[in-house]
Structures are given as C-alpha cells and as structure tokens.
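Me: I have a protein model open and want to learn to read it. Let us go through it step by step.

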Amino acid sequence: MRQINTLNKNFVSCFILLLLLQTNVQSQSPDNKVWWQKHWFIGVSGGLAKTDISNDFTSVISGVDMTTKNAYCLSVDAGYYFSKYFGLSTGIGLSSYITQLSLDPYSNSLDTIDSESESYERRISGNNINETQKIYFLEIPVILNFQCPFSKAIGFYLQGGINLAIHVGNNYSSSGTFSYSGYYPAYNVVLKDIPYEGFKSNVKNDVSGELKVKTLNPELIASGGFYFHNQKHFQISAGFFYKSLFSDISDYTPVESFQLSTHENQLRSLMEGSEKATASSMGIMISLRYYIK
C-alpha cells in the first residue's frame, strides 16, 4: 500500500508540473492549436512498475508467500491519428518481471533404492526457502489510442491493446536449509546425520538456473493519464499503466510427484512445482512523442 501511495504522489506531482507548464506555453506558443493536424508520430517511453509472477502451486507446495518487486519497461513506438481523438500505434519494447517467493516450512518424501539396492523412504524437510524469479519479454504491441484535449496544450489520454510478448531471457535463484533422512521399513529404522546416501541435516542449498518459459505469450495492456504539448511537434505524457499476461507462461511438464530437493546442492524452481504461471505489472509511464506531419 505504501508503494502504491508513492506512485500516486509521483503522478500528482507530474500533473501539477504539466499544469504549470501549460500556462507558460499558451502565452508563448499560440500556434499550438494546429498540433492535432499532424497525424504521424514516433515516440519513446519508459516506466517503473511493481511486478509479480503468479505461480499456481500444487498441493505439494503450500503456504508460499509472494512479494512484488520493482522492474522497468522501455519502448519505442510509431503511429497514426486518423482523427483528432483516435489513432493506432505499434512498436517494440522490453519489460522485466520480478517476484520473490518464500516458503517455510517444506516437507516431502519419496520411495527409492539406495546404493546397496535396499528399498527405503527418503524424507526431505526444508525451511527458510527463498526464490527470486526474473523474466524478460520483448513486446510488440497493437494499440488503440484515444485522447481528449482540455485546451490547446493539455489533455487526457487512454490506450488499450494487445502485446505479443516474446520471451528473451530469465533466471531464478533459490536458497534454503534442508535435512535428508531415510526410513528403512525392513528394519524399522530412520538413518540421519550420516554421510551414507547423503543423510545430512541443516544443509544450506544455494542454487541458480534458468526457468522454462513459453516463447510467445499474449498480453493485455491498458494505460491512461495526461499529455502536454510544449510546442507544435512534441508531446509529453505521464500516466498509469497495467499489463497482464493472460495465458500460462510456464513451459514445464506437469509431474505427479514434485520434489523441490532430493539431495545436497540441488534445488528446483518453485515454478516447476506449479500448475501454471502468469505475470502482471502496474506502474507509471513517461512518454515523449514527436509529431511528423
């Protein structure tokens, strides 16, 4: 909630600045009334957002806490206004999604065979498990633009459309403390705290790797805010945006019995133990456009 309030304060500050600049520009540039007659534009945008990667976990993994993280987005675009109010645009952008997950405690077991062909139940327990997931998408949008002028230099805008989000990179880093033991039903004994079969306690696992993410993913995007023309050709805008990948982005094959870790120095991603994963972001976007003709 505190982070959302900070975003709201920043947006209000930008809007007040635009109002102050409007008064100055109207007194110096009376020809701004013709800006909307220029239909073609190119632009660049940048923003900061709170992002999350939502993992729909199976019953094996329960009690996972998620913390959203700050991430960035950058884009360039070009478009055409076919009237004073409506236009279409496309371009290319880069967005990152970051989430931190925590799990405490964790326990699981599996039936297996040791090095001497003895059947036993391997028991695993863990605590203080933390994972950071990062995914990067190259985005190609098709956007419908709407703008409503309040005066010659300032107005309100809305945008909505679909991105084709192309996965271009990812990684995860996980850590946790695990204990491994073995129950031998033939002898009714539990072995632990011995080197045999890696039956160790309080082992610190710290592992990093790559997530399996689908290459192509559809994404909804919507934004709105205020724009300001500082002269005939340039437009500056500031507003809020929201993006959501509305399909399953995970490329992991579901398994009946997921094991987060089976031995020392081995720790799978929590995403691998989920039924599906999606991502979304919300934040502030600042844009600069140049109207060509």
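Me: Is Lys-212 buried, partly exposed or exposed?
Reply: Buried means under 20% relative accessible area, exposed means over 50%, and partly exposed lies in between (1.4 Å probe, protein chains only). The relative accessible area of Lys-212 is 48%. Lys-212 is therefore partly exposed.

Me: What kind of model is this, and how are residues numbered?
Reply: Residues are numbered from 1 along each chain as its sequence is written, and side-chain values use heavy atoms, leaving out hydrogens and water. Local features need pLDDT of at least 70, side-chain atom pairs count only at pLDDT 80 or more, and totals for chains, interfaces and linings use all residues, since the model is predicted.

Me: Where is Lys-212 found?
Reply: Strands (E, at least two residues) and helices (H or I, at least four) are DSSP runs, numbered from the N terminus. Strand S8 covers 203–209 and strand S9 covers 216–229. Lys-212 sits in the loop between S8 and S9.

Me: Which residues does Lys-212 touch, not counting those up to four places away in sequence?
Reply: Contact means heavy atoms within 4.5 Å. With residues up to four places away in sequence left out, the partners are Ile-249, Ser-250, Asp-251, Tyr-252 and Met-271.

Me: How many Å apart in space are Lys-212 and Asn-170, C-alpha to C-alpha?
Reply: In sequence, Lys-212 and Asn-170 are 42 residues apart. In space, C-alpha to C-alpha, the distance is 8.3 Å.

Me: In which sense do S2 and S3 pair, parallel or antiparallel?
Reply: Two strands pair if DSSP finds at least two bridges between them. S2 (residues 65–81) and S3 (residues 86–103) have 13 bridges. A hairpin of 4 residues joins S2 to S3. The sense is antiparallel.

Me: Which residue in S5 stands opposite Ser-102?
Reply: S3 and S5 (residues 119–149) run antiparallel, joined by 16 bridges. Opposite Ser-102 stands Asn-130.

Me: Is Cys-73 buried or exposed?
Reply: The relative accessibility of Cys-73 is 6%. Cys-148, at 27%, counts as partly exposed. Cys-73 counts as buried.

Me: How many disulfides does the structure hold?
Reply: A disulfide is a pair of cysteine sulfur atoms within 2.5 Å. The number in this structure is 0.
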